[in-house]
Amino acid sequence: MKPRFNLRNNNQPAIRVGRTLEGTIFEIIAAVLIVIMWVVTFILWSRSPETVPTHFGVTGTADDYGNRSAMLIMAAVGTLVTVIMLVSAYSPSKTINMPVNVRTPRQFMIVIRMTRILAVITPLLFTSIACMMAFPDSRLAFIFLMICFVSMIAVAIYSTVKVGRAKNG
């Protein structure tokens, strides 16, 4: 199946985004959330036993265990994913793939904003994963994780629909 979003085959020039106040605000918020994620992770890591849950089923029940260093690895992955998302917002035509064709400046702005919003939610998601690892029986940690997960899906769906409707603008 051929992807529907491939700007190089359509001979469309690459879109590059300059610094904006909005972008800077999202980056500052993401940076603060990354710091909070690391602080929470280190606190939980220092208080956790050597073996912690590393995987959870759909109901939030732990079904695999590993070394507590997995908490630090998860925080590192969360940081990396957040940074990649923030950087990709500066070159959306090369780095962000959507299930609809993105051609107009309005569509690119929606995609860029979606990516930045997801980048802000990502450290919250990984913080909730650290909480789940430290407190596997906590319903609050599971609810927070589900809120983050559902929020990310909702942002992606909403933005995709909005990009699809913004074809002519």
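**A ring pair and its helix**

Mentor: Phe42 counts as partly exposed because its relative accessibility is 44%, where buried means under 20% relative accessible area, exposed means over 50%, and partly exposed lies in between (1.4 Å probe, protein chains only). This is a predicted model, in which local features need pLDDT of at least 70 and side-chain atom pairs count only at pLDDT 80 or more, while totals for chains, interfaces and linings use all residues. Residues are numbered from 1 along each chain as its sequence is written, and side-chain values use heavy atoms, with hydrogens and water left out.

Rings of Phe, Tyr and Trp (its six-membered ring) pair if their centres lie within 6.5 Å, and planes under 30 degrees apart count as stacked, over 60 as edge-to-face and the rest as tilted. By this rule there is one aromatic pair. Trp38 and Phe42 form that pair, which is tilted, with 5.5 Å from centre to centre and 35° between the planes. Both residues belong to helix α1 (residues 21-47), where they are four residues apart, about one turn of the helix; helices here are DSSP runs (H or I, at least four residues), numbered from the N terminus. Trp38, at 22% relative accessibility, likewise counts as partly exposed.

Other rings have a charge over them, meaning that NZ of Lys or CZ of Arg is within 6 Å of the ring centre and within 35 degrees of the ring normal. The charged end of Arg68 sits over the ring of Trp45, 4.3 Å from its centre, and Arg116 lies over the face of Tyr90, at 5.4 Å from the ring centre.

Technical notes:
Helices (H or I, at least four residues) and strands (E, at least two) are DSSP runs, numbered from the N terminus.
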